[in-house]
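Here is a short briefing on how this chain is put together. Have the structure open as you read, and follow the topics one by one.

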Amino acid sequence: MRSPALLAAALVAAVLLAAGAGVAAAATEEAYVTLLYGDEFVLGVRVLGKSLRDTGTRRDMVVLVSDGVSEYSRKLLQADGWIVNRITLLANPNQVRPKRFWGVYTKLKIFNMTNYKKVVYLDADTIVVKSIEDLFKCGKFCGNLKHSERMNSGVMVVEPSETLFNDMINKVGQLPSYTGGDQGFLNSYYSDFANSRVYEPDSPLTPEPETQRLSTLYNADVGLYMLANKWMVDEKELRIIHYTLGPLKPWDWFTAWLVKPVETWQDIRQKLEESLPGTGGGRNPHDQLVVKILFILPFCLLLFGYYQSCFQTNKELISIRSLCAFARRARHKYKSEESLPSYSVVGSSSVFGISNQRLSNGHLKLPSYFGVMPWTGLLLMLEWTFVAFFLLFGSYLRFVYRWGSISANHVGFSNSDASENHMGPGHQRNMSDCDMDATFYWIGMATIATITVLLPTILGITALFTKLGLMVAGGIVLASFMTYAAEHLAISAFNKGQKDRNASRTRSFCF
């Protein structure tokens, strides 16, 4: 016979096990949900998930994905802790609508997630900065008012119901949508939502109302922050930040220089774990390779331009056909070892098609987003801008130089005395002066352009319109300097061309 002590221990263990199972079951009855149509928002979902985990939540995190999301992205989100549910898209019945709203009516499917008692929906361009567990105590439907009396569908609390969902589907073609998307439809469906009472976590209402309004703390609009350069509520009490910048999203590197709240998003992004190889900090596995190519390519263009202008005669210039052939051979040799991702838009859905990549666990797809960090993006922009301007303006000076050489032939400037004089010490001094002038102007233009971009950051200015004002003022100074430099260098190049009619055989000119 078993001793009473063993029986008591077994009974206690069974009770604890049952209690643990009850907690697990309760945790799965409520969930955070987001929606993903294509790979371009994958980084946003990853950062959203990280912000939720940082609050200590134990509730399910569910992402509804369409067929436009690659297999690699689905595996990446699963590795991040998301429950990935594949869904089919709901067609948008509105003929007049923005192209990016092609599949937004699919958001209505969260009202049919009946395996959960309540879900909190968050757009992929939101982050949670403070625990929002109290939202699960809200009514059957909760949302936030923005722009007068319009409800924003970026943050919602929903009590799923198959009956409710079917009723919505039946009315999709009947109710108007002022946005041409799901938000306008929901405003028509919940036409009296503006009169709902504000949700107060510490003062629950009995009986539970059908609809309740969420305060701005649960849906802080970055678009409104841009106008006032501050939050309209206590920043310390913020719960959710919503990056409503239209097509501009916080994962676009240049938005970090527009508004301060993007820094909060970037801070969370940098803390992303390496769920799959090469994805730490929100990186794309091939980001480093592409960035290196983008950094090196401008220098190659500069070398090619210098080689073409200084060491080749007109008859000996490298042919475009041979250059293309060399590029094709190099590309073929590289692809035989490892292929680069191709970034192409498929149809009107703006879903990116990605080439298959060999990974350790088989043939998967890489996400289409190019998630460079803000400083990396800024350096690439400055480099490409300077190189493009240098090559274009250099070509202009070369044209003026040849023009001067041709005009010298027409006016009889090529007598033997002139030929002797132009090779004398005075000519060497003129060449040196021209090169020094060109160097001075190039450095001056590059310095002014860089200061124009970085001055608001250096001065610690965060107001958007003040930033734009400083950049416009810097742009005027830069344009004035460039106008003077262009005139002075063009005159120098023209005069030099007149003194050296054999332009195609000289070592250098004012480039």
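A nonpolar core here is a set of buried Ala, Val, Leu, Ile, Met, Phe, Trp, Tyr and Cys residues joined through side-chain atoms within 4.5 Å. Please keep in mind that this is a predicted model. With that said, let's look at the cores, the sheet and a helix pair.

**Nonpolar cores**
- The largest nonpolar core has 30 residues, and those touching the most other members are Leu-52, Leu-122, Ile-132, Leu-135 and Leu-214.
- At least two residues of this core come from each of β1 (30-36), α2 (42-54), β2 (60-65), α3 (71-79), β4 (118-122) and β7 (150-158).
- α2 gives the largest share, four residues.
- Among the residues that Leu-135 touches are Val-120, Val-157, Tyr-199 and Leu-214.
- There is also a second, separate core of 27 residues, which includes Val-104, Leu-108, Phe-111 and Val-172.

**The sheet**
- Seven strands make an open sheet with mixed pairing, in the order β3-β2-β1-β4-β7-β6-β8.
- β3 (83-86) and β8 (211-214) are the edge strands, each pairing on one side only.
- From one strand to the next, the twist averages 35°.
- Four bridges join β4 and β7 in the antiparallel sense, and Tyr-121 stands opposite Met-156 in β7.
- α2 packs on the sheet, where it touches β1, β2 and β4.

**Helices α4 and α5**
- The axes of α4 (residues 162-171) and α5 (residues 182-189) come within 11 Å and cross at roughly 110°, so α4 is roughly perpendicular to α5.
- Leu-164, Asp-167, Met-168 and Lys-171 of α4 meet Phe-185, Leu-186 and Tyr-189 of α5.
- By class, this contact has five nonpolar, no polar and two charged residues.

Conventions
Residues numbered from 1 in each chain as written. Predicted model: local features only at pLDDT ≥ 70, side-chain atom pairs only at ≥ 80, totals over all residues. Heavy atoms only, no water. Buried < 20%, exposed > 50% of the residue type's maximum accessible area, 1.4 Å probe, protein only. Contact = heavy atoms within 4.5 Å. Axes fitted to C-alpha atoms, helices over the stretch in contact; angles between N-to-C directions. Parallel < 35°, antiparallel > 145°, perpendicular 65-115°, else oblique. Nonpolar A, V, L, I, M, F, W, Y, C, P; charged D, E, K, R; others polar. Pairing = 2+ DSSP bridges. Lists of a residue's contacts leave out its neighbours within four places in sequence.
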